[in-house]
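Biologist: I would like to learn how to read a protein model. Please take me through it one feature at a time.

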Amino acid sequence: MPRLEDAEIKKYWQIFQGLKPVDNKLSGDSVAPVLKNSRLPQQQLSAIWDLSDIDNDGSLDFEEFCITMRLIFDLVNGSIPEVPDQLPSWLIPSSKAALIQANQAVSQGRNVGLDYEDDEDGLSDDFDWYISPSDKSTYETIYQSKNDQFGRIRFDSLNSLYSTLTNVPSSDISSAWNLVNPKSFETIDKDQTLVFLHILNQRENGKRVPRGVPASLRATFSKEVPSYDLSAQAKPLETTKTQASKRSFAESYLSKIGHGSNGNAEKGTDFSATEGTDWEEVRLKRELANLEKLLSEVQNRSKADEKESEEQRMIKYEFEQLLKYKQDQYNRQQSGSGQDDLSKVENDIKDLETQAESLQEYLDSRSQELARLNQEIASLQH
């Protein structure tokens, strides 16, 4: 079975670093020269990119770049006739194996339609990112029952929950996992788990899984820092039907693992986590930070102005010295001292003309002598 050799990986690393990655990733524009230098057809290059960009973020990390380079070399060297339909197992990075499996599940679900109809009739696009206190409590209970010793959740650790979701196909479960796990780790933390469960809850209640997540959540997932800002989200209107369907989410699953519903009605948004916060202090600190930033910008601009002023003074000094030199030359010319200089130049020119005439006469005489010698040589040869 083929494999990536250590020497090969080191070579790819040198190329990767030479392309100056940003945040350890290369954009399409950065990789384009390497792709074009292979002289492979555009169709093949596009297929290679689709296979290599496993997380579909429009850029390549080093592992994805290694996949791209190996596929290009195999095609150029004739080791493979065409771009494969899917990555061979030996070329799949271990850190991205779970994501590839999830992507394959999504692809199979969309194209084959084993679990549900492709057109998804009856689903609503009105997805709601708001997590109510009661839903959050349910999600946290599930999280506490399934997280490992590091507080992490694996995809397959929730298999028993997936089996209770009658309206959520496996492809949508994989799509939800990919949304909350943009870095394609094998595990996710608590915040990601809560949002993952919320997406499954919304899908169970007839809401279509969104194509992306809000910017605030995307930053949270990337940094893996908890961020719950209930005050920044408006509480949605809920009908009796949606309230009932939300209460039913995972209740059978919670009962199975020994966590039944307490049956308490919702009491509204829980702001207890924000009690005691000195918002005025927060506001003043933010204003102070803005003022410090503004002061720094003014100081930097002042330094730039001082540097520019110094350059202008140097240029002015140089022009003043040039003007002084020109004035001295003009004064000498007016006083007559310049006339002596002209007479000296004229005498030098006459001397040079005399020397040139003498040299010309000497050259003519030597030319005549040379012609005479050539004639004598010619007569001796005959």
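Modeller: Keep in mind that this is a predicted model. Start with two helices that touch: Asp135, Lys136, Tyr139, Glu140, Ile142 and Tyr143 in helix 6 meet Lys190, Thr193, Leu194, Leu197, His198 and Asn201 in helix 9.

Biologist: How is the packing of two helices described?

Modeller: Two packed helices are described by the angle between their axes and by the distance between those axes. Here, the axes of helix 6 and helix 9 are 9 Å apart, and the angle is about 120°.

Biologist: At what angle do helix 8 and helix 9 cross?

Modeller: Helix 8 and helix 9 cross at roughly 145°, and their axes come within 9 Å. This crossing is right-handed. On the helix 8 side, the contact is made by Asp172, Ile173, Ala176, Trp177, Leu179 and Val180. Helix 9 contributes Gln192, Val195, Phe196, Ile199, Leu200 and Arg203 to it.

Biologist: Is histidine 198 buried or exposed?

Modeller: A residue counts as buried under 20% relative accessible area. Histidine 198 has a relative accessible area of 1%, so it is buried. This histidine 198 is found in helix 9. Leaving aside neighbours within four places in sequence, histidine 198 is in contact with Phe127, Asp128, Trp129, Tyr130, Ile131 and Tyr139.

Biologist: How many residues does the largest nonpolar core have?

Modeller: The largest nonpolar core has 27 residues. Leu158, Val180, Phe196, Leu197, Ile199 and Leu200 have the most contacts inside it. The elements that give two or more residues to this core are helix 6 (133–146), helix 7 (159–162), helix 8 (170–180), helix 9 (190–204) and helix 10 (215–223). Helix 9 supplies the largest share, six residues.

Biologist: What is leucine 158 in contact with, leaving aside its neighbours within four places in sequence?

Modeller: Leucine 158 is in contact with Ile142, Lys146, Ile153, Phe196 and Leu197. There is also a second, separate core of 26 residues, with Leu45, Trp49, Ile54 and Leu75 among them.

Biologist: What should I look for in the backbone angles?

Modeller: Most residues other than glycine have a negative phi. Lysine 20 has a positive phi of about 55° although it is not a glycine. Aspartate 23 likewise has a positive phi of about 55° and is not a glycine.

Biologist: Where is lysine 20 found?

Modeller: Lysine 20 lies in the loop between helix 1 (6–18) and strand 1 (26–27). Aspartate 23 is also found in the loop between helix 1 and strand 1.

Biologist: Is lysine 20 buried or exposed?

Modeller: Exposed means over 50% relative accessible area. Lysine 20 has 69%, so it is exposed. Aspartate 23, with a relative accessible area of 72%, is therefore exposed.

Biologist: How many helices and strands are there in the chain?

Modeller: The chain has 14 helices and four strands. Of its 382 residues, 28% count as buried. The chain exposes about 26000 Å², and carbon and sulfur atoms supply 51% of that.

Biologist: What share of the contacts with a separation of 6 or more comes from residues 24 or more positions apart?

Modeller: Such residues account for 71% of those contacts in the chain.

Technical notes:
Residues are numbered from 1 along each chain as its sequence is written. This is a predicted model: local features need pLDDT of at least 70, side-chain atom pairs count only at pLDDT 80 or more; totals for chains, interfaces and linings use all residues. Side-chain values use heavy atoms; hydrogens and water are left out. Buried means under 20% relative accessible area, exposed over 50%, partly exposed in between (1.4 Å probe, protein chains only). Contact means heavy atoms within 4.5 Å. Accessible areas come from the Shrake-Rupley method with a 1.4 Å probe; for residues, only the protein chains shown count as cover. A nonpolar core is a set of buried Ala, Val, Leu, Ile, Met, Phe, Trp, Tyr and Cys residues joined through side-chain atoms within 4.5 Å. Axes are lines fitted to C-alpha atoms, for helices over the stretch in contact, and angles run from 0 to 180 degrees between N-to-C directions. A crossing is left-handed if the near helix is turned anticlockwise from the far one by less than a right angle, and right-handed if clockwise.
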